[in-house]
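Work through the exercises below with the sequence and the 3D view open. Try each task before reading its solution.

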Amino acid sequence: MKIKLGAAALALPIALMTLTGCSMTEASNSDDIPSSGTSTSSDAAQEAEKASSELYNLIGLKGKASDTGPGVKECGKKDPEKYFQIFHSWSFTPTSPQQLESAMERLKANLPKHGWKVVDYGPDTSRNKNLNLTADNDTKKFSVNITYRAKDNSPHLNFFVVSGCYQVPDGEKIEQF
């Protein structure tokens, strides 16, 4: 249990580092987190849920998604009172695990038809060599990392959706959730 928990604790920062360097907007260099404009954290969270719903529909399999909501995090080294990012981490467990590999291929083929640019696809560096897909959507200002966990007791897909950097509107505060 401790090993799985430790791996999960490391997965979030690794995914954030991978995804926040994406080319979603006018970032001046690869270390900058791209801008997603101005929004309240509640409105940005609704956009993250919409992006996740679209991804869920593209899976094309019967199954169950975890019931997790978006979260708010600081936006790099920017002022944490004015800037934030939204992330939405969730998983999908199909009724028939044998179909997950074809679901990854379908996602790779269909994401570009829905405004997502696949920027990375292939096995990760873990011992299990999990199949990974990373895609950016410049219009929606989100990136996603999808991991096919084939060797877990219950094979599933992990989704990590993350926004660019939002600025809270003047006079508003960032809600933490």
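**Exercise 1.** Is Cys165 buried or exposed?

*Solution.* Start with the cut-offs: buried means under 20% relative accessible area, exposed over 50%, and partly exposed in between, using a 1.4 Å probe and protein chains only. Cys165 has 3% relative accessibility, so Cys165 counts as buried. Apply the test again to Cys75: its relative accessible area is 1%, so Cys75 is buried.

Before going on, note that this is a predicted model, in which local features need pLDDT of at least 70 and side-chain atom pairs count only at pLDDT 80 or more, while totals for chains, interfaces and linings use all residues. Residues are numbered from 1 along each chain as its sequence is written, and side-chain values use heavy atoms, with hydrogens and water left out.

**Exercise 2.** Which residues form a disulfide, and where do they lie in the chain?

*Solution.* A disulfide is a pair of cysteine sulfur atoms within 2.5 Å. The sulfur atoms of Cys75 and Cys165 are 1.9 Å apart, and the two residues form a disulfide. The link joins distant parts of the chain, 90 residues apart: Cys75 sits in the loop between strand 3 (71–73) and strand 4 (83–94), and Cys165 belongs to strand 9 (residues 165–167). Strands here are DSSP runs (E, at least two residues), numbered from the N terminus. Searching the whole structure gives one disulfide.

**Exercise 3.** Which strands pair with strand 4?

*Solution.* Two strands pair if DSSP finds at least two bridges between them. Take the partners in turn.

1. Strand 2 (residues 63–65) pairs with strand 4 in the antiparallel sense over three bridges; Lys64 stands opposite Thr93.
2. Strand 3 is also antiparallel to strand 4, with three bridges; Lys73 has Gln85 as its bridge partner.
3. Strand 8 (residues 156–163) runs antiparallel to strand 4 and is joined to it by six bridges; Ser91 stands opposite Asn158.
4. Strand 9 runs antiparallel to strand 4, with two bridges; Tyr83 has Gln167 as its bridge partner.

Finally, check how covered strand 4 is: nine of its 12 residues are buried.

**Exercise 4.** Where does pLDDT stay under 50?

*Solution.* pLDDT is the predictor's confidence in each residue, from 0 to 100. The protein chain has a mean pLDDT of 85, and 82% of its residues reach 70 or more. Over residues 1–30, pLDDT stays under 50. For residues 1–30 the model has 39 contacts (heavy atoms within 4.5 Å) beyond four places in sequence.

Notes. Helix = DSSP H or I, 4+ residues; strand = E, 2+ residues; numbered from the N terminus.
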